[in-house]
Amino acid sequence: MAGAKSSRGDVVALPLTEQDWPAVQSIYAAGIATGHATFEAAPPSWEDFDVAKALEHRLVAVDPAGRVLGWAAVVAVSDRCVYAGVVEHSVYVAPDAQGRGVGRLLLEELIVSTEAAGVWTIQSGVFPENTASLALHAAAGFRTVGVRERLGLMSHGPMAGRWRDVVLLERRSQRVPSVS
């Protein structure tokens, strides 16, 4: 495919564009419905997603028929210069594409993309019940740096009335910029 970044079998990672949004939004909604993917109650609008997610680090995994199987994106954790190399990421895979290496492809390509841009830390928060995500991140070199216990009492959505623990993960680049 023209513009392909990398592939795993018959699936390729490509830049996420506005044309991918309906599929991305649907995959995001499916993740939310599990109750183990995010504190969000609903996917954002394209406009909000577009403003929040770093353009150069948005990916979709696409099969040979052009079907979006998953997506990944990052947000800056702070606008302070000392955090310029730190991002928080999200990776979502369509329910019927899970277990096929789609998440791994997206995460590996996200690591390549962020390192090329000088990002030295990728972080995320994952619910402990999301064992597939925890295993994926461990395989990609992420480590657990802590657990935020009972982070938030949800008043809406699939987690209504529940406090949730969040496992804090990070991956430090082996290409951390040197201090001059």
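V77 sits in the loop that joins β4 (68–76) and β5 (86–93), where helices (H or I, at least four residues) and strands (E, at least two) are DSSP runs numbered from the N terminus. The model is a predicted one, in which local features need pLDDT of at least 70 and side-chain atom pairs count only at pLDDT 80 or more, while totals for chains, interfaces and linings use all residues. Residues are numbered from 1 along each chain as its sequence is written, and side-chain values use heavy atoms, with hydrogens and water left out.

V77 counts as partly exposed because its relative accessibility is 32%, given that buried means under 20% relative accessible area, exposed over 50%, and partly exposed in between (1.4 Å probe, protein chains only). Although V77 and V87 are 10 residues apart along the chain, their C-alpha atoms are separated by 5.3 Å. Leaving aside neighbours within four places in sequence, V77 is in contact (heavy atoms within 4.5 Å) with Y83, V86, V87, E88 and Q123.

Turning to helix α4 (residues 131–139), we find that S133, L136 and H137 are buried. These three residues lie on the same side of α4, because they cover an arc of only 95° around the axis, the arc being that of the directions from the helix axis to the C-beta atoms. The buried residues of α4 pack against β5, α3 (102–116), β6 (121–126) and β8 (166–172). After α4 comes G141, which has a positive phi near 95°.

What remains is the charged side chains. Side chains of opposite charge can pair when their charged atoms come close. A salt bridge is a side-chain nitrogen of Lys or Arg within 4 Å of a carboxyl oxygen of Asp or Glu, and a search of the whole structure finds six of them. One of these joins R67 and D96, whose closest N and O atoms are 2.6 Å apart. This pair links distant parts of the chain, since R67 is in the loop between β3 (59–62) and β4 whereas D96 is in the loop between β5 and α3, 29 residues apart. R67 is partly exposed, with a relative accessible area of 34%, while D96 counts as exposed at 51% relative accessibility.

Another salt bridge is formed by the side chains of E170 and R143 (2.8 Å, N to O). E170 lies in strand β8 and R143 in strand β7 (residues 143–148), so the pair ties together parts that are 27 residues apart in sequence. E170 counts as buried at 11% relative accessibility, but R143 counts as partly exposed at 49%. R143 and E170 are also linked with R172 in a network of salt bridges.
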